[in-house]
Amino acid sequence: MKQGSHYNTLLALAFMALVIGACSTAPVRTVTKGDELAFVNFSEPGAWEQGAYPGATLRVVDGRYRIDVLDGTGTLWWGQWGASYGDVIIEVDLEQVTERAETAFGVMCRVRGRVGEPVVVDPTLAAIMDSTPEATSTAEATAESTAEADSTAEADVSAQSTPEATAEATTEADVSTEADVSAETTPVPLAESTRVGEETPEPSAAGAAALEGDGYLFLIQGTGAGAILRARGRDVEPLADWRTNNAITLAPSENRMRAVCVGDYLALYVNDTLIAEATDDAYSEGQVGLAASAANRLGVRITFDNLQISAAGE
């Protein structure tokens, strides 16, 4: 992720227990597409969140966003980016390149986090900083600090010139030096490394999930099933459980997905066919994400292209 949020149990069960339903019914609510808010064709390398991790890589390659899941343990990996939206319709071309069908992939809406957003400067704070008088010049400040340090050092030497004091000071200096070296050479755990687009490093994989894992998932499988789920940190709850539909092309293949997030209404369409719908009001706004998972030892490669984010029509 991105660092993965471990939805292993739920995803693994989903691969084994699919609800059969080949026919689509009319939607409970009809939502039309309004103005385009963003369009991403991944022509630029930094167009989306990227990262390389022991279990997956997420990057822009040859004009597509690609998620390679390597561990195949059912861990969900996702990348998010850009502005936060409330009511949106998300459309994307997605392709499962590899053959194994034990997969889950799709889009997320209202994802918590601010990955890739520009830092907004508080105008009040900026004005205060601009109006602060300049301090003494660096040279003068350095000279003054040096003089004070020399005076302090002379006083300390005069007060502690005994052999015992000298030995004690030397010991303390050695301990201090050892501590500094130890702190400088301690390796930073991989989970604490900063991801592309982040302002600060995440404390751990669990922390990443707690900060950025919340949101709605619209997923399909290589087996031809789809579902809508709510993610809250590491916990995932199906809002519309897995259901097969003939409109979903089996892996390896390409599909066009549309996710509707309007008010408390959520709907998943694949190739212009309604797959699932649900209502939930846990999240009102957030970023857009692209996600993939695998429950086989070979993992999966998913690519995404022509991502369009639109407002809901009037």
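**Reading a residue and its surroundings**

Modeller: L239 touches Y216, I228, L229, R230, L266, A278 and D280, where residues up to four places away in sequence are not counted and a contact means heavy atoms within 4.5 Å. Please keep in mind that this is a predicted model, in which local features need pLDDT of at least 70 and side-chain atom pairs count only at pLDDT 80 or more, while totals for chains, interfaces and linings use all residues. Residues are numbered from 1 along each chain as its sequence is written, and side-chain values use heavy atoms, with hydrogens and water left out.

Biologist: In which strand does L239 sit, and what is its relative accessible area?

Modeller: Helices (H or I, at least four residues) and strands (E, at least two) are DSSP runs, numbered from the N terminus. L239 belongs to strand β10, which covers residues 235–244. As for covering, buried means under 20% relative accessible area, exposed over 50%, and partly exposed in between, with a 1.4 Å probe and protein chains only. L239 has a value of 23%, so L239 is partly exposed.

Biologist: Which side chains make polar contacts with the side chain of R230?

Modeller: A polar contact is a pair of N or O atoms within 3.5 Å; within protein, one must be able to donate a hydrogen and the other to accept it, and residues adjacent in sequence count only if both atoms are side-chain atoms. The side chain of R230 makes such a contact of 2.5 Å with the side chain of E237, and another of 2.3 Å with the side chain of D280.

Biologist: How should I read a nonpolar core, and how many residues has the largest one?

Modeller: In soluble globular proteins, nonpolar side chains tend to be buried together. A nonpolar core is a set of buried Ala, Val, Leu, Ile, Met, Phe, Trp, Tyr and Cys residues joined through side-chain atoms within 4.5 Å. The largest one here has 48 residues, and those with the most contacts inside it are F42, W48, Y65 and F218. Strand β15 (residues 300–312) gives the most to this core, namely 5 residues. Apart from it lies another core, of 14 residues, including L76 and L217.

Biologist: Which cysteines form a disulfide, and where in the chain do they lie?

Modeller: A disulfide is a pair of cysteine sulfur atoms within 2.5 Å, and a search of the whole structure finds 1. C109 and C261 form the disulfide, with their sulfur atoms 2.0 Å apart. C109 lies in strand β7 (residues 103–111) and C261 in strand β11 (residues 253–262), so the pair ties together parts that are 152 residues apart in sequence. The torsion about their S-S bond is about -100°, which means that the disulfide is left-handed. C109 is buried, at 0% relative accessible area, and C261 also counts as buried, at 0%.

Biologist: How many bridges join strand β5 to strand β14?

Modeller: Two strands pair if DSSP finds at least two bridges between them. Here 6 bridges join β5 to strand β14 (residues 286–294), and the two run antiparallel. W81 stands opposite V288 in β14. Strand β5 (residues 77–85) is mostly covered, with 7 of its 9 residues buried.
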